[in-house]
Amino acid sequence: DIMKRNTRRIIATGSIAAVAACSMLFLSSAQAAKSVTPVKQARATVLTAVPGTVLSIKKKTRSGFTAWAITIKRSDGSVVVGYVGVKSGIAFDWTV
C-alpha cells in the first residue's frame with residue numbers, strides 16, 4: 001500500500017535526521033575529519049534509528065562519501081538500508 005510505504009519513509013527519514021543531529025553535537029569538525037567510525041558504532045547508530053535484524057554490512061561509496069551500508073530487516077518484514085559516514089559517524093542517507 002502506497003500510503004503505508006510513504007509513512008514508513010517519513011518515519012525512517014525523521015529517525016535518521018534525529019540521529020544525525022545528535023551525532024553532530026558530539027563531534028567537532030576537527031574530530032569528524034580525523035575519526036574513522038568502526039563498523040560496530042555504525043551498526044548501533046542505524047539500529048538506534050530503526051530497530052530490526054542486521055542482514056548485511058558493506059563499505060560503499062554513497063553520494064561521494066565512503067560509508068557503511070547497513071541493511072536491516074524490520075519487524076514488519078520491510079528491508080531498509082542506513083548509510084553511515086566512515087569518517088563522520090553520521091547517518092546521512094536512508095533507502096527504504
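At 11% relative accessibility, Arg74 counts as buried (under 20% relative accessible area; exposed is over 50%, partly exposed in between; 1.4 Å probe, protein chains only). This is a predicted model, in which local features need pLDDT of at least 70, side-chain atom pairs count only at pLDDT 80 or more, and totals for chains, interfaces and linings use all residues. Residues are numbered from 1 along each chain as its sequence is written, and side-chain values use heavy atoms, with hydrogens and water left out.

**Exercise 1.** Find the salt bridges and describe the partners of each.

*Solution.*
1. Apply the criterion: a side-chain nitrogen of Lys or Arg within 4 Å of a carboxyl oxygen of Asp or Glu. The count is 2 salt bridges.
2. Arg74 pairs with Asp76, at 3.7 Å from N to O. Arg74 is buried, whereas Asp76 is partly exposed at 46%.
3. Asp93 pairs with Arg62, with 2.8 Å between the closest N and O atoms. Asp93 belongs to strand 4 (residues 91-95) and Arg62 to strand 1 (residues 53-62), so this pair ties together parts 31 residues apart in sequence. Strands (E, at least two residues) and helices (H or I, at least four) are DSSP runs numbered from the N terminus.
4. Arg62 has a relative accessible area of 26%, which is partly exposed.

**Exercise 2.** Which residues of helix 3 (residues 39-49) are buried, and where do they lie around the axis?

*Solution.*
1. The buried residues are Ala42, Thr45, Val46 and Ala49.
2. They lie on the same side of helix 3, because their arc around the axis is only 90°, taken from the directions from the helix axis to the C-beta atoms.
3. Lys40 and Thr48 are exposed on the other side of helix 3.
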